[in-house]
Amino acid sequence: MYLNKDIVKEGNQILRNQSARVGVPLTTADFNCLKGLYEYVVISSMDDLVKQYNIRPGVGIAAPQVGINKRMFAMNAVDFLDENQTRYLFAILNPVITYKSKEMTYLPGGEGCLSVDRPTDNLVTPRHYAITAKCAIYDFNINKIKNVTLKLEGYPAIVFQHEYDHLDGILFTDKLFKTEELDPNIFPLFEESEE
């Protein structure tokens, strides 16, 4: 698991680099990185463990945020369960977004990021409401990689896009807008929990 001291902060060039594809089978170093990212999002969703480890909660973390420019991230959209009670907890390798909806959305309170410590009050990051992505997912229960197609919408899609941007050297702060600058017919408000 990565601790707050391990998180690369805004201003570090590592966050601006393009990340390389992850080789499969995983090297020991890549496996340890992915497992650490996954453990971070799981542990940071539990208040008592956040206090115990003195970490900042986060619903996602990408390899560049811990100084590794590889195309992998973990996400845990714990505040969102769809009608099927799906838990959006993934350790993702080599994602490629293959579809983006024309419909856009944003989190009303704005996004947050473990690598960004400055406030971004009254600013939001537009995202595609729905996406489809092809990727590999590491299943730690059976220690195997599965190739999957994920169809996400709403909050999980927002989290995925935020982490995906990290792999391309993009921070959410690069896409900030004032809400009054957004056309409400194009950007309907998405009223789920903040990232």
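Is Cys33 buried or exposed, and what is its relative accessible area? In this predicted model, Cys33 has a relative accessible area of 1% and is therefore buried, the cut-off for that class being under 20%. Cys33 is also listed among the residues with the most contacts inside the largest nonpolar core, which has 26 residues.

**Nonpolar cores**

- Alongside Cys33, the residues with the most contacts inside the largest nonpolar core are Leu34, Leu37, Ile61, Val66, Met72 and Leu93.
- Two or more residues of this core are given by each of helix H1 (28–43), helix H2 (47–53), strand E2 (72–76), strand E3 (89–100) and strand E7 (130–139), and the largest share, seven residues, comes from H1.
- Apart from this core lies another one, of 23 residues, which includes Met75, Tyr88, Ile92 and Ile158.

**Contacts of Ile61**

- When residues up to four places away in sequence are not counted, Ile61 touches Ile7, Leu37, Tyr40, Val41, Val66, Phe73, Ala74, Leu114 and Glu163.

**Cysteines**

- Cys113, with a relative accessible area of 6%, is buried, as is Cys33 at 1%.
- A disulfide is a covalent bond between the sulfur atoms of two cysteines, and the structure holds zero disulfides.

**Met104 and strand E4**

- Met104 is found in strand E4, which covers residues 104–105, and at 14% relative accessibility this residue counts as buried.
- Although Met104 and Arg127 are 23 residues apart along the chain, their C-alpha atoms are separated by 5.5 Å.

Note on methods: Residues are numbered from 1 along each chain as its sequence is written. This is a predicted model: local features need pLDDT of at least 70, side-chain atom pairs count only at pLDDT 80 or more; totals for chains, interfaces and linings use all residues. Side-chain values use heavy atoms; hydrogens and water are left out. A nonpolar core is a set of buried Ala, Val, Leu, Ile, Met, Phe, Trp, Tyr and Cys residues joined through side-chain atoms within 4.5 Å. Buried means under 20% relative accessible area, exposed over 50%, partly exposed in between (1.4 Å probe, protein chains only). Helices (H or I, at least four residues) and strands (E, at least two) are DSSP runs, numbered from the N terminus. Contact means heavy atoms within 4.5 Å. A disulfide is a pair of cysteine sulfur atoms within 2.5 Å.
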